Amino acid sequence: MNLKLFVDFHSLINRHSKKSSIIRSSSVLLNLMNCYIDNRYYHNINHIIYCLEKLEAFKQLADCYDEIAFALWFHDSRASEIESAEYAVEMCKQLSIPEDFGNAVYDLILATQHKDVPKSNDEKLLCDIDLLILAEQQDEFNAYEKNIRK
């Protein structure tokens, strides 16, 4: 695992958890990483890293940067966005992160269903980041198109 990812995840948790524990957040991170390993060709840890890097590049556009970051970590962790959102809320509870943060993350993840026009500035930013691969150079887009269909 990338050390920067590890540090960034723990820092994110520490900023919001009432009872921060490196052991608890490490356990959540390891479980989360396992979600992105199982036979995934596109929605894998590389997609999450890509999204987090783009969020960092556009952080000045975020109203609630940490909520978006948390949502990005979890948005493709399960078979559907609803399941991913529910999982993220459950992890917020396990990590003693306030309910309002978890609820905001839930709403952000649901926005990545791309069924409705995003309502908030943060939903717009999250959805744009999630779909930014569509605006990449041809070779990167071709790799995405090949892998998303597997």
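User: How are helices and strands defined here, and how many of each does the protein chain have?
Analyst: Helices (H or I, at least four residues) and strands (E, at least two) are DSSP runs, numbered from the N terminus, and by that definition the secondary structure of the protein chain comes to 8 helices and 0 strands. This is a predicted model, in which local features need pLDDT of at least 70, side-chain atom pairs count only at pLDDT 80 or more, and totals for chains, interfaces and linings use all residues. Residues are numbered from 1 along each chain as its sequence is written, and side-chain values use heavy atoms, with hydrogens and water left out.

User: OK, what share of the chain is buried?
Analyst: Of its 150 residues, 41% count as buried, meaning under 20% relative accessible area with a 1.4 Å probe and protein chains only.

User: Switching topic, which residues does Leu72 touch?
Analyst: Leaving aside residues up to four places away in sequence, Leu72 touches Tyr36, Ile48, Cys51, Leu52, Leu55, Leu126 and Ile129, where contact means heavy atoms within 4.5 Å.

User: And how do α1 and α2 cross?
Analyst: Their axes, which are lines fitted to C-alpha atoms over the stretch in contact, with angles running from 0 to 180 degrees between N-to-C directions, come within 10 Å and cross at roughly 125°. That makes α1 oblique to α2, because angles under 35 degrees count as roughly parallel, over 145 as roughly antiparallel, 65 to 115 as roughly perpendicular and the rest as oblique.

User: Which residues make that contact?
Analyst: On α1 they are Phe6, Phe9, His10 and Ile13, and on α2 they are Ile22, Ser25, Ser26, Val28, Leu29 and Leu32.

How values were computed:
Buried means under 20% relative accessible area, exposed over 50%, partly exposed in between (1.4 Å probe, protein chains only).
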